[in-house]
Amino acid sequence: MPDEPLLELNGLCKSFGALAVTSDLSLTVRPGEIHAIIGPNGAGKTTLIHQISGTLRPDRGSIRFVGRDVTALPFERRARLGLARSFQITSVVPGFTALDNVALAVQARSGSSFRFLRPVSAETALNDEARAALDTVGLGRVAGTPAAALSHGEKRQLELAIAIAMNPRLLLLDEPLAGAGPEETDRLIGILRDLRRRYGILLVEHDMQAVFALADRISVLVYGRIIVTGTVDEIRSHPEVRTAYLGEDALA
Ligand SMILES: Nc1ncnc2c1ncn2[C@@H]1O[C@H](COP(=O)(O)OP(=O)(O)OP(=O)(O)O)[C@@H](O)[C@H]1O
């Protein structure tokens, strides 16, 4: 069924003591869509990403991914099913080249599946896949550059390439544009736009113009609750969103 959601959250709840950081939260991400989550600081965006990726267990509710209930599955099992989380947890090895960093991710994903090849062929196969991921994010020309020598924007591109090397179905992107300058932001928006349709993307991002440029749907999270989900136009013109959260300027 083409419209079956990739990711489906149903009635998710999570509290820290008396603080409800996720309240009866339900949403879907469809194949090939970018679903953005926006909301003020402390709204619960990062804790939501943790629950989806599997590093934090919800108190109640369920998480379905590619048609399976993954609520009780650990992080690594979800990753193997195709849930890739980028930024904040990706460990780029600074002294390794961009290519070697991505090749590591390909190797981690594929386990022993290259073991039937002779070492040289195995290395070629790994590097070919890594190079393809680098090309996808526009980093092919710096494949041989150590990660530490890449610009801030290029490091973010490298993290994306590493996520892609995991062969994901869904990318969980937590503030991929944080710290990027205007030119880097434009470049990253272009790359994310190219990735859409190939992967489902759940995007947490503070840069509202980027969200408006990229998202198919947007959910607005306030105090752990989604107050509205809609298209860019619906969110821009939603009275509760305009007054309660974003302010008129951000929506101009
Ligand atoms: N481990 C924890 N223990 C207690 N409270 C926590 C914990 N982690 C997060 N919180 C609280 O939960 C709330 C939601 O935090 P979260 O980081 O998910 O928000 P956010 O929307 O990602 O914020 P930001 O936009 O600033 O990154 C905040 O009030 C935060 O202080």
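Against which elements do the buried residues of α6 pack? They pack against α5 (152-165), β8 (200-204) and α7 (208-214). The legends below take this helix and other parts of the structure in turn. The structure is a predicted model, in which local features need pLDDT of at least 70, side-chain atom pairs count only at pLDDT 80 or more, and totals for chains, interfaces and linings use all residues. Residues are numbered from 1 along each chain as its sequence is written.

**Figure 1. The protein chain, with nine helices and ten strands.** Helices (H or I, at least four residues) and strands (E, at least two) are DSSP runs, numbered from the N terminus. Of the 252 residues, 37% count as buried. A residue is buried if 20 or more other C-beta atoms lie within 10 Å of its own, exposed if 12 or fewer, and partly exposed in between, with C-beta atoms placed from the backbone. Two residues are in contact if their C-beta atoms, placed from the backbone, lie within 7 Å. Among contacts between residues at least 6 apart in sequence, 67% join residues at least 24 apart.

**Figure 2. Domain 1 (1-82 + 168-252) and domain 2 (93-167) of the protein chain.** The bounds come from an automatic or database domain assignment. Taken over C-alpha atoms, the centres of domain 1 and domain 2 are separated by 26 Å. Eleven residues from domain 1 and eleven residues from domain 2 make the contact. On the side of domain 1 that touches domain 2, helix α6 (residues 182-195) gives the most, with four residues. That side of domain 1 has seven nonpolar, two polar and two charged residues. Here Ala, Val, Leu, Ile, Met, Phe, Trp, Tyr, Cys and Pro count as nonpolar, Asp, Glu, Lys and Arg as charged, and the others, Gly among them, as polar.

**Figure 3. Helix α6, with its buried residues Leu188, Leu192 and Leu195.** Seen down the axis of α6, the buried residues fall within an arc of 55°, so they line one face of the helix. The arc is that of the directions from the helix axis to the C-beta atoms. Pro182, Glu183, Arg193 and Asp194 are exposed on the other side of α6. The 14 residues of α6 should span 20 Å at 1.5 Å a residue, and the end C-alpha atoms are 20 Å apart, which agrees. The expected span is 1.5 Å times one less than the number of residues. After α6 comes Arg197, whose phi is positive, near 80°.

**Figure 4. The shell around the ligand.** Phe16, Leu19, Val21, Gly39, Asn41, Gly42, Ala43, Gly44, Lys45, Thr46 and Thr47 are the residues around the ligand. By class, the shell has four nonpolar, six polar and one charged residues. β2 (19-29) and α1 (45-53) each supply at least two residues of the shell, and α1 gives the most, with three residues. The buried residues of α1 are Lys45, Leu48, Ile49, His50, Gln51 and Ile52. Gly54, which follows α1, has a positive phi, near 105°.

**Figure 5. His35 in strand β3 (residues 34-38).** His35 counts as buried because it has 22 C-beta neighbours inside 10 Å. Leaving aside neighbours within four places in sequence, the contacts of His35 are Val29, Leu202, Ala215, Asp216, Arg217 and Ser219. His35 and Arg217 are 182 residues apart along the chain, and their C-alpha atoms are separated by 4.9 Å.

Definitions and conventions
Near = placed C-beta within 6 Å.
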